[in-house]
Amino acid sequence: MLQAQLHATTNRSYSNTLLNQHLNMNIFFTFLLVVTLTCFYIPELKPRPAIITACCMAMTLVYHFLRSRPNKVYLVDFACFKPSMACLCSKDTLLDRAKRVGFLTDENFKLVTKILDRSGLGPWTYVPEGLLEIPPKLTLDEARKETDTVLFGAVDELLEKTGVEAKDIGILVVNCCLFNPTPSLSDTIVNRYKLRGNILAYNLSGMGCSAGVLAVDFAKQLLQAHPNSYALVLSTENEISSMYWGNQPSMLLVNCLFRMGGSAALLSSHPSDRNRSKYELVHTLRTHVGADDNSYKCVFQEEDDECKVGVSLSKELMNVARDALKVHITSLGPVVLPISEKLKFLVNLIERKVLKTKFESYVPNFKLAFNHFCIHTGGRAVLDRMQKSLELEDWHMEPSRMTLYRFGNTSSSSVWYELAYCEAKGRVRKGDRVWQMAFGSGFKCNTAVWVALTNVEPESNKSPWRDEIRNFPVKIDPLPVKSNK
């Protein structure tokens, strides 16, 4: 289906190119006719063919320039799914279920307990009901039920908030890393909401936690190729299909960090939607370091010695994330940083590379470029490393840490829960710049930069945080310092 849709998109792009060429010729001859008639009826203008032709060509070029500018892409609104109370689960309940199912060795049970205590997750998060059963329900039907519950809940809320009818959506992008049934999840959405027959529907899989931002970039490119369209972007992960039931320590971390959740975002290339949209998408950037073997294998789905499938996290993951971030911000900095920071970075680069001095690499002050930071909740250690690398204050990291605390790692949708936190706190004002950044398997680092088009008032905004935002932020005890003894 994806190949057919890509072929259809290519044909449409070719048809649009031919249409634009014919349109430009029509515009030229229209201008030529208007100027000629004007000169004929106003003799004082003394018509000269060369001047008339030059004027028409100039007007046509101006018209073509205005038309060829990329369409602006707006975020009309977004929604994050908040599971029901039946899915609410404490750390003690998770440990109790693990003990009663009995798949963990005593040593690994202690390891999981230690990971949970140090994870940065709060006492209550959400898991699918099927995982709370004894024995857990791990069927395909349960996995479908989980994904349907999350995605339908997010889309229903989004359509209610925006007032957009399902039939007006022309582009659909769904991402889920590890659960890929047939028909696809995008087909499920088309069927549920009776989307139109010529919709451009795409299903992204295996792209990891960065797929939510990647999907925004993909939707942006489609919207710029198809003006005056709506794009629905859905992000989730499936807990039932991603659980690991073995005893390989490197694969157990996924069970401890990942939780139930999902998001839906409505993007628009309609110029008329600017006045009612929350944000404008001003930059996207994708960095892929998968050419390096360590980077490619640091997050890897494979079988353990007992042929049980899980996602293994390498010990090199933090170093890979650090190196990917360096490459990423080197490309992002010149686009978003003020001139003062660009000059400091350039001087430092010349001193190190040309003059061969032993200065450390200059870390640009991204606090001068962004007001709000939504960094993927990969885990407490990841957030600590990002805060140190970017030299951010606790206030800037609060949306990420509180999202990890309250909802856990919801994979590709986490950056939307973080943006919802900023809104619920009443922090987003008109003109503010928001940086969404996520890491994912492959290894990838992706960015989306938004500018707020209005003051987002928390009282009028339906949010997963709305009923409990007054309880945040909470104080998280620091990790114990390792002894050198």
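By residue class, the lining of the largest cavity comprises 17 nonpolar, one polar and four charged residues. This description refers to a predicted model. At least two lining residues of the largest cavity are supplied by each of helix 3 (91–101), helix 4 and helix 10. Helix 3 provides the largest share, with five residues.

The largest pocket contains about 1,500 Å³ of space. Because both domain 1 (73–279) and domain 2 (282–468) contribute residues to its lining, the largest pocket lies between these domains. Its lining consists of 45 residues, with Leu253, Leu257, Leu313, Ser314 and Leu317 nearest the centre. Of the residues lining the largest pocket, 23 are nonpolar, 15 are polar and seven are charged.

Several secondary-structure elements each supply at least two residues to the lining of the largest pocket: the helices are helix 4 (106–118), helix 10 (249–257), helix 12 (317–336) and helix 14 (380–390), and the strands are strand 9 (299–303), strand 10 (309–313) and strand 12 (433–440). Helix 10 gives the largest share of this lining, five residues. Helix 10 also supplies at least two residues of the lining of the largest cavity, as does helix 4.

Definitions and conventions: Residues are numbered from 1 along each chain as its sequence is written. This is a predicted model: local features need pLDDT of at least 70, side-chain atom pairs count only at pLDDT 80 or more; totals for chains, interfaces and linings use all residues. Side-chain values use heavy atoms; hydrogens and water are left out. On a 1 Å grid over the protein atoms alone, a cavity is a set of points where a 1.4 Å probe fits but cannot get out, and a pocket is an open set with protein on both sides within 12 Å along at least five of seven lines; lining residues have an atom within 4 Å of a point. Grid points are joined across faces, edges and corners, and a volume is the space filled by probe spheres set on the points. Helices (H or I, at least four residues) and strands (E, at least two) are DSSP runs, numbered from the N terminus. Ala, Val, Leu, Ile, Met, Phe, Trp, Tyr, Cys and Pro count as nonpolar, Asp, Glu, Lys and Arg as charged, and the others, Gly among them, as polar. Domain bounds come from an automatic or database domain assignment.
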